[in-house]
Amino acid sequence: MAHPFLTNSGKLSILAGAQTGVSEEDARILRGLRSGIEGAYEELIDRYEQQIFAMVYRLLGNQSDASDVVQEVFLKVFRGVSTFREQSSLRTWIYRIAINEANNHRRWFVRHCRMEVPMEENGPEHPNCLDLTPDPGRSPFEQALDSETRTLIERALTQINPVFRTAVVLRDVQNLSYEEIAEILQVSLGTVKSRILRGREALRRELTQRPDQGLAEAMA
Amino acid sequence: MTCWSVNRRTTDYVDGRLRGPELARVEAHLRRCAKCEVRLHDLSAVRETLQHLPKAKSPLNLRTKLRIISSQERKLLLEADGSRLRLLWNDWKFRMQQLMRPLTIPATGGLCTSVVLFGALAFTIGTTTQGLQYEVPVMDSGHIDANLVPVELRSSIVLTLSLDGNGRITDYAFRNDSRSVQGDASALQHHNIAMPEIPSVLAMQQPVSSDIQISVTPMIFRR
């Protein structure tokens with residue numbers, strides 16, 4: 001007869017049912033952050049700076065804005081770490097803050113700066129290539145094609161609904177699972193799938209509407 | 001499987017999450033339906049392109065800015081959170097010091113002063129009063145006739161003199177068995193009291209500022 005406290009996996013059911021949310025590694029960093037240990041701050045920045053910047057850059061399409069938002073994100077993380085309830089993973093929590101900050105920034109930008117012309121042309125149409133890391137698995141020829149395709153897809157990304165863009169970026173650019181995306185966006189799995197589909201459909205429409213170039217050519 | 005059913009599974013299919021018979025049914029539909037086949041192919045191409053987008057590299061100065069932010073926040077944390085108990089302790093200490101300052105300084109000062117003064121004067125404290133028991137006959141032998149016999153009266157007089165530091169009488173009081181008289185030095189003669197010079201009579205070495213009590217036995221002379 002099986003022990004009443006043991007599950008099929010052999011773990012204590014009390015522990016199996018407990019939702020700690022954070023891994024041991026996250027817990028270690030969180031303890032360090034709460035204790036003011038310098039190494040914990042460094043480790044958090046090392047682990048998440050690049051990821052968060054890449055995501056925010058794809059959401060906003062502007063390097064300078066993304067940089068500002070990332071600073072806001074980390075500021076909120078540092079200040080909110082004492083109140084973080086650890087019901088989700090550290091990464092999920094940071095991503096959620098980042099998406100909220102990016103949305104806030106975009107709304108603020110639309111409200112205040114839409115008529116302004118930036119001095120620094122490093123938007124999606126003129127990305128700063130020096131700051132983009134090419135995919136090492138692509139040949140030079142493929143990378144040449146990628147450059148054209150990237151311009152098309154980045155322009156298309158800026159044209160679609162931000163809600164769908166966020167879901168697509170989290171899934172296809174950041175390679176997060178549906179479950180993680182659902183937790184970050186705090187929506188159901190079905191909604192996540194729906195948003196991803198509608199985002200991809202919108203991108204497809206944006207690309208196929210180009211009169212001079214079909215989608216097949218663009219995606220070749 | 002209908003186009004609607006395939007549409008519901010589009011995301012899972014593009015993401016490669018379909019397995020087994022469900023995947024087979026979708027692929028079978030795609031072989032029959034060109035519209036769905038093109039659509040899913042396009043969506044797969046979109047996904048692949050997005051996956052191969054180069055990762056945006058953060059600006060070099062972003063790391064520095066984040067380090068500055070983390071340093072500032074860490075400092076605030078250590079000041080505010082890490083030393084909360086210390087702050088409470090300091091606050092309590094400060095309040096107690098403010099409360100006790102008016103009491104502690106005079107109390108402590110007074111106590112210390114008392115101890116110092118006591119220690120300094122302890123050796124000098126002692127009784128300066130010495131009981132002197134002298135039997136001093138007071139008589140004026142120049143007026144005594146040789147045939148006269150001294151007769152002691154039964155009543156005695158106790159004279160109390162108050163002297164200043166220079167040996168001068170300032171007050172006096174005397175009493176005998178029947179009455180008590182008080183007065184100042186000028187009234188001595190009024191009461192027919194003739195006092196000898198006290199210091200010489202008592203042979204005192206030092207001026208006396210305390211009271212002197214003199215018991216006098218009056219005598220008369222009879223023939």
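How many residues does the contact take from chain B and from chain A? The contact takes 31 residues from chain B and 40 from chain A. Two residues are in contact if their C-beta atoms, placed from the backbone, lie within 7 Å. The model is a predicted one, in which local features need pLDDT of at least 70 and side-chain atom pairs count only at pLDDT 80 or more, while totals for chains, interfaces and linings use all residues. Residues are numbered from 1 along each chain as its sequence is written, and chains are lettered from A and ligands numbered from 1 in the order in which they are written.

On the side of chain B that touches chain A, the elements giving two or more residues are helix H2 (10-14), helix H4 (34-51), strand S1 (55-56) and helix H5 (60-82) of chain B. Helices (H or I, at least four residues) and strands (E, at least two) are DSSP runs, numbered from the N terminus. H5(B) provides the largest share of this side, 13 residues. By residue class, the side divides into 13 nonpolar, eight polar and 10 charged. Here Ala, Val, Leu, Ile, Met, Phe, Trp, Tyr, Cys and Pro count as nonpolar, Asp, Glu, Lys and Arg as charged, and the others, Gly among them, as polar.

Chain A comprises 10 helices and one strand. Their order from the N terminus is α-α-α-α-α-β-α-α-α-α-α. Of its 220 residues, 33% count as buried. A residue is buried if 20 or more other C-beta atoms lie within 10 Å of its own, exposed if 12 or fewer, and partly exposed in between; C-beta atoms are placed from the backbone. Of the chain A contacts with a separation of 6 or more, 65% link residues 24 or more positions apart.

The largest nonpolar core has 58 residues. Such a core is a set of buried Ala, Val, Leu, Ile, Met, Phe, Trp, Tyr and Cys residues joined through C-beta atoms within 7 Å. Helix H3 (residues 38-60) of chain A supplies its largest share, 13 residues. Ile52(A) is among the residues with the most contacts inside the core. Beyond four places in sequence, Ile52(A) touches Val70(A), Val73(A), Ile94(A) and Ala98(A).

Ile29(A) lies in helix H2 (residues 24-35) of chain A. Ile29(A) is buried, because 22 other C-beta atoms lie within 10 Å. Leaving out residues up to four places away in sequence, Ile29(A) touches Ala40(A), Glu43(A), Leu44(A) and Leu90(A). Tyr41(A) is 12 residues from Ile29(A) in sequence and 8.0 Å away, C-alpha to C-alpha.

Helix H9 (residues 189-208) of chain A has 20 residues and should span 28 Å at 1.5 Å a residue; its end C-alpha atoms are 28 Å apart, which agrees. The expected span is 1.5 Å times one less than the number of residues. Buried residues of H9(A) include Val192(A), Ile196(A), Leu203(A) and Leu207(A), along with Lys193(A), Arg195(A) and Arg200(A).

Chain B has seven helices and seven strands. Of its 223 residues, 12% count as buried.

Mean pLDDT, the predictor's confidence in each residue from 0 to 100, is 76 for chain A, and 70% of its residues reach 70 or more. The lowest mean, 33, falls in helix H1 (residues 13-17) of chain A, and the highest, 93, in helix H7 (residues 162-173) of chain A. Residues 1-20 of chain A stay under 50, with 11 contacts beyond four places in sequence. Where pLDDT is low, the predicted coordinates should not be read in detail.
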